[in-house]
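Here's a quick tour for anyone opening this one for the first time. Have a look at the picture, then read on.

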Amino acid sequence: MKIRHCIAHFGFWAILLVACSGSDNNNDAIVLPPGDVGLKLVQDLLVPAGFIVEEFATGLEFPTTIAFPPDGSNRLFVNELQSGRIKIMQDGQFNTLPFTDLETMVTGGFPSAGENGLIGLAFDPDYVANRYVYVTFAVRSPNGTIGKIARMKDQNNRAVDFEILLDNLPSAPGHQIENLAFGPDGKLYVSIGDAFEDAKAQDLNQFNGKILRLNPDGSIPSDNPDPDSYVWASGLRNSFGLVFNDNSDLLATENGPDMKDELNVIVKGGNYGWPLVLGNSAQPEFINPIFVWENIVSPNTILFYKGSQFPQNFKGKMFTVLFGSTFSDGPSPIAKRIRVGTFQGNGLESTVTFEDFATYNFDAKGNPLGLAEGPDGMLYLSDIFQGKIFRIRFGNSGAPL
Ligand SMILES: [Ca+2]
């Protein structure tokens with residue numbers, strides 16, 4: 001079985017000579033506050049001094065996106081890639097029944113191989129009032145797999161009123177339907193990979209390699225570039241992470257083929273070049289990324305930190321998960337980590353500089369993928385192959401460090 005786009009990447013993994021985090025990672029002396037005593041400390045995710053990593057959940061089947069609803073409740077929604085289940089964890093344990101089992105809601109069943117399946121999850125901006133939850137996923141079809149966008153309502157931790165908003169989207173064992181994000185305009189933005197048909201990323205009549213924009217009910221917004229089309233931006237290969245920042249810029253991570261991963265600011269009608277150009281070009285018809293990783297690191301989830309549990313200098317910073325190469329054992333010198341990005345400027349004029357925040361030092365297989373900020377301001381990270389969720393917090397709660 002192969003997971004995620006990054007399967008195409010060759011291993012850059014090697015023995016990590018740990019000079020990267022400055023962490024002493026000696027947690028022996030840490031005394032956890034009451035209520036956290038049961039959580040196992042994680043020594044092999046290296047974080048800056050003062051931070052603590054805990055094992056928050058285990059036993060998951062390929063967890064992808066993780067997200068807390070914007071109602072302040074301490075409920076963590078967890079997507080499982082191939083089971084099609086969305087689980088809810090609250091008060092330290094998973095609910096007996098999942099939020100939903102999408103396998104039972106669609107025909108065809110979920111893929112049992114490849115990197116496609118249940119990927120994206122987003123809450124309606126007005127979730128507190130309307131309880132809508134949106135998901136992106138791919139299911140088996142007679143011709144391979146197809147992508148779908150669906151929404152449902154959260155009724156006491158169970159999904160009701162399931163409806164498909166958009167169907168028959170391009171999919172493949174990789175480069176399938178990825179994430180989704182609500183904009184400050186109340187529209188839903190969805191990333192679709194090129195489904196290994198790269199030329200179609202330049203064809204505005206195809207959904208391969210596009211960012212789509214739709215109304216929450218699945219209709220086409222009248223102010224799209226073409227009022228009869230969902231297409232918002234084109235020329236993308238496989239953008240996994242999708243998020244708006246406080247400047248109302250839509251950021252998307254782009255996975256390059258064997259070099260030049262990108263971070264793009266997605267603008268209305270923008271063409272991001274794939275497969276005609278990689279990274280920066282001088283051709284005015286293509287929009288250049290705001291950041292290029294020359295070597296493949298497989299940037300995935302991105303998240304802007306809004307909380308106050310971390311030290312003040314982290315507020316507004318962008319955490320970026322670098323997945324690394326799939327199935328590789330042990331740490332990687334350049335990937336398998338979370339980096340923290342500092343922005344200057346906005347829009348296409350943005351620049352960003354990165355530094356390491358959390359780096360993998362696990363001996364076994366594992367790749368970081370989903371990232372969520374809890375209502376407690378702590379950072380939650382899913383590891384797809386370890387089937388775990390880690391929690392990272394700053395140890396400022398009276399614990400001796
Ligand atoms: Ca590009």
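This is a predicted model: local features need pLDDT of at least 70, side-chain atom pairs count only at pLDDT 80 or more; totals for chains, interfaces and linings use all residues.

**The whole chain**

- The chain holds one helix and 27 strands.
- Of its 401 residues, 47% count as buried.
- Take the contacts between residues at least 6 apart in sequence: 57% of them join residues at least 24 apart.

**The sheet β9 to β12**

- Here four strands make an open sheet, lined up as β9-β10-β11-β12, with antiparallel pairing.
- At the edges stand β9 (118-123) and β12 (158-169); each has a single partner strand, so one side of each has no neighbour in the sheet.
- From one strand to the next, the twist averages 25°.
- Inside this sheet, β10 (residues 132-141) and β11 (residues 144-155) run antiparallel and are joined by ten bridges.
- If you'd like a pair to look for, Phe 137 sits opposite Lys 148 in β11.
- As background, strands of a sheet pair through backbone hydrogen bonds, and the pairing can be parallel or antiparallel.

**The sheet β13 to β16**

- Another open sheet is built from four strands in the order β13-β14-β15-β16, and the pairing is antiparallel.
- Its edge strands are β13 (177-182) and β16 (231-233), each pairing on one side only.
- On average, neighbouring strands of this sheet are turned by 30° against each other, direction ignored.
- β13 and β14 (residues 188-192) run antiparallel, with four bridges between them.
- Leu 180 has its bridge partner in β14, namely Val 190.

**Loop residues with partners elsewhere in the sequence**

- Which loop holds Gly 387? Look between β26 (379-383) and β27 (388-394).
- Gly 387 has 16 C-beta neighbours inside 10 Å, so Gly 387 counts as partly exposed.
- Along the sequence, Gly 387 and Gly 59 are 328 residues apart, yet their C-alpha atoms are 5.6 Å apart in space.
- Leaving out residues up to four places away in sequence, Gly 387 touches Thr 58, Gly 59, Leu 60, Glu 61, Phe 62 and Pro 63.
- Ser 83 belongs to the loop between β5 (75-80) and β6 (85-90), and with 19 C-beta neighbours inside 10 Å it is partly exposed.
- What does Ser 83 touch, once residues up to four places away in sequence are set aside? Its contacts are Glu 61 and Phe 110.
- Glu 61 therefore turns up on both lists, as a contact of Ser 83 and of Gly 387, if we go by the contact cut-off of 7 Å between C-beta atoms.
- Phe 327 lies in the loop between β22 (318-322) and β23 (337-344).
- The count for Phe 327 is 16 C-beta neighbours inside 10 Å, which makes Phe 327 partly exposed.
- Phe 327 and Gly 366 are 39 residues apart along the chain, and 6.8 Å separates their C-alpha atoms.

- Most residues other than glycine have a negative phi, and most peptide bonds are trans.
- Ser 248 has a positive phi, near 65°, and isn't a glycine.
- You'll find Ser 248 in the loop between β17 (239-244) and β18 (250-254).
- Lys 260 also isn't a glycine and has a positive phi, near 60°.
- Lys 260 is placed in the loop between β18 and β19.
- Is Lys 260 buried or partly exposed? Lys 260 has 18 C-beta neighbours inside 10 Å, so it counts as partly exposed.
- Trp 274 and Pro 275 are joined by a cis peptide bond, with omega about 0°.
- Pro 275 sits in the loop between β19 (261-266) and β20 (291-293).

Note on methods
Residues are numbered from 1 along each chain as its sequence is written. Helices (H or I, at least four residues) and strands (E, at least two) are DSSP runs, numbered from the N terminus. A residue is buried if 20 or more other C-beta atoms lie within 10 Å of its own, exposed if 12 or fewer, and partly exposed in between; C-beta atoms are placed from the backbone. Two residues are in contact if their C-beta atoms, placed from the backbone, lie within 7 Å. Two strands pair if DSSP finds at least two bridges between them. Axes are lines fitted to C-alpha atoms, for helices over the stretch in contact, and angles run from 0 to 180 degrees between N-to-C directions.
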